[in-house]
Amino acid sequence: MQFNIKGSFYRDKSHEKLTKKIVLICFSILLMVLFSYQIGKGSYYLRRAQNNYIRIIPLYSLRGSIFDRNGIVLAKDQASFNLAVFPYQIKNEKNNLFKKISKDFNIDQEIINKNYKKNLRGFFSPANIVTNINKKEALKLKETYSKDLFINPAPQRRYLRPLDSAHLLGYVKKASSLQKQFKKYGYKPLERIGIYGIEQYYNSYLKGKDGGDLIEVDAKGNVVGFLGRKRAQRGKDLYLTIDSRAQDIARQSLAGKKGSIILLDSNSGEIIVLYSSPSFDPNYFIEGKNLNSIYKNKDSPLINRAIQSSFPIGSLIKPLLALAGLEESKIKPATTFDCKGQFILGKNRFGCWSTHGLQNLYQALAHSCNVYFYNLGLILGPKSISNWLKKFGLNSKTFIDLPYEKKGFVPSPKWKKERFNQSWYAGDTLNLSIGQGYLQATPLAMTLAINSIANGGYLIEPILLKKIGEKEALPVFKKALAINRENINIVKKGLRKVVSQTSGSARILKNLSLEVSGKTGTAQTSQRSHGWFVGFFPYKEPRYTISVFLENGGSSHQAVRTAYIFLNKLKQNNIIK
Amino acid sequence: MNFLKRISKEFRGLKTIVLSVASFNLISITSLYSSLHQQGQFVGEDFISKQLTWIAISWIVFIIFNFINYRLYYNLSFIIYTFGVVLIGAVYFTGHTAMGAQRWISIGGLTFQPSELSKIAIIIIMARFFSHSPANSFLKDFCLPFSLVGLSAFMIFSQPDLGTAMMVVLIAFCLGLFSKINKKYFILVLAGLLITAPLGWNFLKSYQKKRLTAFINPNVDPLGSGYTIIQSKIAIGSGQIFGKGFLAGTQNQFNFLPERHTDFIFTVIAEEWGFLGSFFLLFLYWLILKKIFDKLKKIRDPFAYYLTLGIGIYFFLHIFINIGMTLGIFPVVGLPLLFVSYGGSHLISSFILLGIFFNISRNYN
């Protein structure tokens, strides 16, 4: 089959020859270069290949340090010394060598073997056989076995106030000890990765860049050439908003208890204290100690109770409900309900913890009168309550800069229908109105909900980061709740009476003369009740918001006591003014 | 029987190519097998079976393209070009990232690099433009075709894949030099590129910059890009005349050489089979290129003429630049060795082009 192409096709006859000429010339160039490499300098390259004991000696980067708001070091890298061998060098004499080292230096041969197997990366990469020894010991070993061993220093993470800040800082682990998934993301096996807390959240800033020395050694292991160095780059330092002195006081105040203490700047959202009890020592993970005391502890010290679990909130719901009632014009401050010690709904009695008589809003908040809020709850209805609680963020994350934050839960009639295929009863509304039943919130989310009363109606995204290196962290995100300022002031006044009135449920805090306002909460559970106190001070223009949560603490009295101890010590140490 | 006779007649003179390419398949698998050893142990079963699949697919594709009349591409050239550009665009949305670059589209477990296809599209559309004569208009005959090349190259470059982008431009440029377009246009553009090249530096990714500086001085980054070139040279040189023998290449087996089964497969061959092996490899390539360029004098259709030239140029550049790269003559840009490197996209593309050439060849016996 041929095509008849219109017109004559002018074809350059030289093309065919030209193309072949070009190919021949270029191929000749390649052959010439090949000739010069393989035949001209062939024996030179062969020697280099035979002696190509090129070693990469890693230069580990340092992770950035972590400081508190006053520049006190919380975490930093320290040098640790390891002894390493090159697998290709000791191939045949491995067992003898290990036996000798184990005998001379009284180290179990089992451990040496285990370390060797664990740290074996490749034929020409150093493998640590003795880890974490002091410099003196390392030098001694090196002297005796100069031919086979060398000192392989590596940075090690150290937490200087371990128990205070364990949940905040988290800890690091070598990528090799984690699941294989990290390899996929290009982590090198010896690279340290933050796997909890700030170490995880800001890992990309904290981690540096590893470097290495490329050296050439001969068959005997003598260095014959230095091919180059890539310097390690240090990671960035982080400054937190935490005050480590206050953090220490929080730990003392919660000693022997389960729970959390949070102290934050009411307006900026900076977290000054965030402590969860019981705590753990993150250095255990670094040093490879036995972790049974952490993992098998039935009080789950690894859980950060302030953000990783949610609890029923009890009476802490009352100021939020009061605001809802005022905003929806269902009540006025002067509106009263009569408390006869109980509320009767059909055949059921819903109790109050005392008989308060006629109560207006201020009194109801000060006395934490259940009957008042049963009435208010029924007037508002479950849908409206549910919406208001969601508005205050009780069922969402606070987006604090820590990993693994959990959400709370706000029930609604629709949810109950879908979940249990049951209708929502008026009894459910009554339970919800005093913060019982299905409602749950994390201590931090609860603190921020009350904080929005302190700062005049803003739900704040809390933050732990103050500076990265020299760079200030960005201001936090504030969400205006669009609540009438007057209504906020009414509730604020009510919360002040909780402390200032002689019959108020947190009256002992009056002795601090910090002008604390706040709300107590006792949340009943199947076990002992949880105790809560969330408040802010000074009353007129709040600067600080504080929360104390005691898991199974018995009652709010304990929480208020703890708050008293905590704030009193802060005051004595001039940490708050 | 008549049919078979006709076929065998049409294929006369093409047997050399078929045999050479089949040899390359064999060389590819054996050197792949060797390069996938680590300290004497074979570690790459998946790779071998995948590559065998690709080779089988490639031969089927080759046979199909054998029977597609090449004039079809003349009519479809704009559609093919647009399809190529759209595919590259599609990588942005569905593509799968490997080593910091987004180049692959995944089809049922096998991944495919659409930028390879656009090399073919460029050859076809350039052949169409250059087949028109006379070609005196600067805008219509020079600017229009090369702006299409520019668009393709830019899209590939932003994936980012500097090697393929440069290849697209280079193929079109070389092909253009054989066309009837006034040569001074090319000189003009070349001068313009040289002047603006320093500006282009800013658009390169950091790893591409590193590779280019390491090419100029490998010791700048001996642990990184320069390392590959140093090790490649040691490996090739140490092969000497006869090579170290199959599976005996110490350089490649002890992990000294990264990417040795893809872009640096030639290094493995040169180390294990020495100068003689390298010479034989180049000789096989020469046989194929000679057959292709020999055909030029018989072709009567300008479109087929430029298509054949383009295919020859494509093959030649892939051989020359890849081997030159392993020898340190060219920077490491990430370019497979024709018919030999591990990977399916370039293999299929090469076989498609070979199929097109066979069809042309049979039309002008």
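On terms: strands (E, at least two residues) and helices (H or I, at least four) are DSSP runs, numbered from the N terminus. Two strands pair if DSSP finds at least two bridges between them. Axes are lines fitted to C-alpha atoms, for helices over the stretch in contact, and angles run from 0 to 180 degrees between N-to-C directions.

Housekeeping next. Residues are numbered from 1 along each chain as its sequence is written, and chains are lettered from A and ligands numbered from 1 in the order in which they are written. As the model is predicted, local features need pLDDT of at least 70 and side-chain atom pairs count only at pLDDT 80 or more, while totals for chains, interfaces and linings use all residues.

Back to the sheet. Strand β11 (residues 259-265) of chain A pairs with β23 (residues 544-550) of chain A in the antiparallel sense, over 7 bridges. In that pair, A:D265 stands opposite A:Y544 of β23(A).

Two cis peptide bonds come next. One joins A:S277 and A:P278, with omega about -5°; A:P278 is in the loop between β12 and α11 (283-287) of chain A. The other runs from A:F537 to A:P538, with omega near -10°, and A:P538 lies in the loop between β22 and β23 of chain A.

Elsewhere in chain A, strands β14 (residues 342-345) and β15 (residues 348-351) pair in the antiparallel sense over 4 bridges. A:L345 stands opposite A:N348 in β15(A). This hairpin has 2 residues between the strands, and A:G346 takes a positive phi near 60°. A:Y404 also has a positive phi, of about 65°, although it is not a glycine. The loop that holds A:Y404 is between α17 (382-391) and α18 (413-420) of chain A.

Now helix packing. Two packed helices are described by the angle between their axes and the distance between the axes.

How do α1 of chain A and α12 of chain B pack, and at what angle? Helix α1 (residues 14-40) of chain A and helix α12 (residues 265-294) of chain B have axes 10 Å apart, at an angle of about 180°. They are therefore roughly antiparallel (angles over 145 degrees; under 35 is roughly parallel, 65 to 115 roughly perpendicular, the rest oblique). Residues in contact (C-beta atoms, placed from the backbone, within 7 Å) include A:F27 and A:L31 of α1(A), and B:F279 and B:W286 of α12(B). The contact residues divide into 14 nonpolar, 4 polar and 4 charged. Here Ala, Val, Leu, Ile, Met, Phe, Trp, Tyr, Cys and Pro count as nonpolar, Asp, Glu, Lys and Arg as charged, and the others, Gly among them, as polar.

Within chain B, the axes of α3 (residues 45-66) and α14 (residues 345-363) come within 8 Å and cross at roughly 25°. They are therefore roughly parallel to each other. The crossing is right-handed (the near helix is turned clockwise from the far one by less than a right angle; anticlockwise is left-handed). Among the contact residues are B:W59 and B:F62 of α3(B), with B:F351 and B:I352 of α14(B). The division is 15 nonpolar, 4 polar and no charged.

Helix α2 (residues 15-35) of chain B packs on α3(B) at about 170°, with axes 10 Å apart. That makes α2(B) roughly antiparallel to α3(B). This crossing is right-handed.

Finally, confidence. The mean pLDDT (the predictor's confidence in each residue, from 0 to 100) of chain A is 87, and 92% of its residues reach 70 or more. Over residues 1-8 of chain A the pLDDT is below 50, and this stretch has 7 contacts in the model beyond near neighbours in sequence. Chain B has a mean pLDDT of 83, with 83% of its residues at 70 or more. For the complex, the predictor gives an ipTM of 0.89 and a pTM of 0.61.

How values were computed. Two residues are in contact if their C-beta atoms, placed from the backbone, lie within 7 Å.
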